[in-house]
Amino acid sequence: MQLKDPVSVLKGVGPKKQAALKRLGIETIGDFLMFFPREYQDRRSICPISQLKQEQPVRVRAEVELVVKDPYRRGRRQNLRLLVKDPTGKLEIVFFQAGYLADSFKIGTVYDFYGKPTVNRGRMQMLHPDFSKQEQGESSGILPVYPLAAGLTQKEMRGWQKTALSAAGEIGEYLPADLVSRNRLCSLEYAIANVHFPEDRKPLLQGKYRLIFDELLALQTGLLAAKNASSSGKKGIVFSPGEKAEAYIMGLGYQLTSAQKRVTEEILSDLSSGNVMNRLVQGDVGSGKTVVAEIALYKAVKSGFQGVMMAPTEILAKQHYSGLSKSFASHGIKVGLLTGSMGSKEKRETLRELAEGRIQILVGTHAIIQPDVVFHKLGLVVTDEQHRFGVNQRTALSEKGENPHVLVMTATPIPRTLAVILYGDLDISIIDELPPGRQKITTRAIDQSQRNACYDFVEKELQKGRQAYVVAPLIDESETLDVKSAEELYQELSGRFKGVQTALLHGAMKQQEKDGIMERFYNNEIQVLVSTVVIEVGINVPNATVMVIENAERFGLAQLHQLRGRVGRGSHRSYCVLISHNPSEIAQQRAQIMAESQDGFYIAEQDLKLRGPGEIFGTRQHGVPDLLLADLAKHIKILNDVKQEAQRITEEDPLLESETYSGLRRRVIKLFGEDFSLRL
Ligand code: ADP
Ligand code: MG
């Protein structure tokens, strides 16, 4: 068996199983080995029934005393109940709707049951345990538990994985011996064997460490090599130092906050340093990042270059376009717009003006990355809401100029340590101050009983001419059900609010449809927007003063904060109402934090405390490739070791071109995707 063999070489894998495995991303034996358990079941010891603890999964070895099916009822599958005993006590075991299992158990025979005890009416139960006759098959040891797809069983996965392991010997060492020994890494083969079928806790941890180390090393060296590739031997454009951007700042009609001033200084000094700027600006919702980018764009144009600003959605791009057109018109600077939905004639015209340099600043969606978009002389690239874009997209845009400066803006507050790693190739500026005179958004957490009163209040705001957002309940991550609940809410509210337009927006709609609705909301042709959580980040409708969030207990703090940031953007007093349908303690704490603070960094910190890091820093949303095992927040310590090695490696071999690092290079490309190799 070889790593590159298709999974169909495994016994029992026919076309159906093959298709099911493919859904898990497993096509070859090699893929199988890199498909890791979600958790483990430690079945090495047997727990006496008298010592069972709630919610702690264990193995019980017990004799079956009674096998009972619930009474037969038409149209319903029967439940099966067992009473089992060991020398220390008795336990009830329940299989819901699984009466057919009755024949699997013989009274007086001893079985092993593995499961999580729960308490029901004061009695200990085990629901749906794994079971096997004593001394049969896989009942002991530390067993892997794999994520499954429909049509696959845990037993099959374990069996196949065991067979696949015979090919693990083929995986040679690809890292230099000194690096391996310096970091006390075990061999890759040992790691893989023990992560699937650990002999013990310690080998499992060693194995995991090695695999996580490798993954993070590929991530870090990849980021550093990409940075080297984009700036190696190339000097940054020096923007005319004489041009101070004062003229632009003077014309703003307001004073920059001192945080904005500081960040502007940092940017302007990058722009005339002779090096290529690679800077991330982090700032809370409404902290005024756009104007900072505008100043940089102004400077680029005044120095004879073009600038570009990329936004993640059409509606945001359009919003930026209309804002920038206005601000730059009085300076005689022409701004253009390019999005995917534009007609081809319009698009051709824009592309021509861009190539001729008549459009000096281009605003658009990722349509800007297309090969037919050619600049006359691109000097500055700005991306807004960076976490929606991947590293690849960022670099692709830069390649439209000769080493243009890069400015990245994000409203997702990330603790500094983590940001340094996630954006390993960027310098970081933080706008940690809101413009003066921002009103506090009155925030209330209520329960169902006050729901009616809440919508009465919304109606009053509507009568005053304001607009409102209503976020529909989230339902267990199922998009279809979310849409259904949003539709119901929409029906209810459009019946209730007379004389205003209510509209529904959900994730299953076509982009064009969504944009149309957002645009009408923006223009106050729609007054109440009911939506699933698709409300675009960064959308700015100053006349909207109420944000109602149904099912608020299901949202994380960071998300609640982002949603609330949609209101309080104009001169009217604004409100945020969190309706909890089933408030848990943690939901109450969250509501409390929301009511007491409006500071995104503070809220992010609290979120971290309440939820733990894993859930918050989903790497996807930061544009970092999917990691199999590593967790950027949990593995900070490994990450620091890895960073040092990555630095050492890329100093020695900036683009990973030597034989020594060819294996690492392959891993980097595998992690970031094929088109990444073009940039190395
Ligand atoms: P974000 O950081 O969320 O992108 P924006 O750049 O959209 O924030 O700014 C939000 C609003 O604040 C805009 O209407 C902008 O004109 C305004 N603004 C920005 N800076 C200042 C300032 N220093 N004083 C007053 N208003 C400001
Ligand atoms: Mg913004």
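**View 1. Leucine 82 faces isoleucine 93 across a strand pair.** In this predicted model, leucine 82 stands opposite isoleucine 93 in E4. The two strands here are E3 (residues 80-86) and E4, which run antiparallel and share 7 bridges; strands count as paired if DSSP finds at least two bridges between them. Getting from E3 to E4 takes a hairpin of 2 residues. E4 also pairs with strand E7 (residues 123-127), this time in the parallel sense over 3 bridges, and glutamate 92 has glutamine 125 of E7 as its bridge partner. E4 itself spans residues 89-95 and is mostly covered, with 6 of its 7 residues buried (buried is under 20% relative accessible area, exposed over 50%, partly exposed in between, with a 1.4 Å probe and protein chains only). Helices (H or I, at least four residues) and strands (E, at least two) are DSSP runs, numbered from the N terminus.

**View 2. Helix H3 and what its buried residues pack against.** H3 covers residues 154-164, and its buried residues are Gln154, Met157, Arg158, Trp160, Gln161 and Ala164. They pack against helices H1 (15-23), H2 (29-33) and H5 (188-196), plus strands E1 (39-42) and E9 (142-145); contact means heavy atoms within 4.5 Å. As background, an α-helix has 3.6 residues a turn, so residues three or four places apart point the same way.

**View 3. The second largest pocket.** About 1,400 Å³ of space lies in this pocket. Its lining has 49 residues, and the closest to the centre are Gly286, Gly288, Arg438, Asn540 and Arg569. Helices H9 (289-302), H10 (314-329) and H17 (557-564) each give at least two residues to the lining, and H10 has the largest share, 8 residues. By type, the lining splits into 15 nonpolar, 24 polar and 10 charged (nonpolar: Ala, Val, Leu, Ile, Met, Phe, Trp, Tyr, Cys and Pro; charged: Asp, Glu, Lys and Arg; polar: the others, Gly among them). A pocket, on a 1 Å grid over the protein atoms alone, is an open set of points where a 1.4 Å probe fits, with protein on both sides within 12 Å along at least five of seven lines; lining residues have an atom within 4 Å of a point. Points are joined across faces, edges and corners, and the volume is the space filled by probe spheres set on them.

**View 4. Alanine 591 in helix H18.** Alanine 591 sits in H18 (residues 585-596) and counts as buried because its relative accessible area is 13%. Leaving aside residues up to four places away in sequence, alanine 591 touches Ala445 and Leu578. Threonine 443 is 148 residues away from alanine 591 in sequence, yet the C-alpha to C-alpha distance is 8.7 Å.

**View 5. Two loop residues with positive phi.** Glutamate 55 is in the loop between E1 and strand E2 (58-69), with phi near 70°; at 43% relative accessibility, glutamate 55 is partly exposed. Leucine 656 is in the loop between helices H21 (636-652) and H22 (662-672), with phi near 55°. Leucine 656 has 0% relative accessibility, so this residue counts as buried.

**Notes for every view.** Residues are numbered from 1 along each chain as its sequence is written, while chains are lettered from A and ligands numbered from 1 in written order. Local features need pLDDT of at least 70, side-chain atom pairs count only at pLDDT 80 or more, totals for chains, interfaces and linings use all residues, and side-chain values use heavy atoms, leaving out hydrogens and water.
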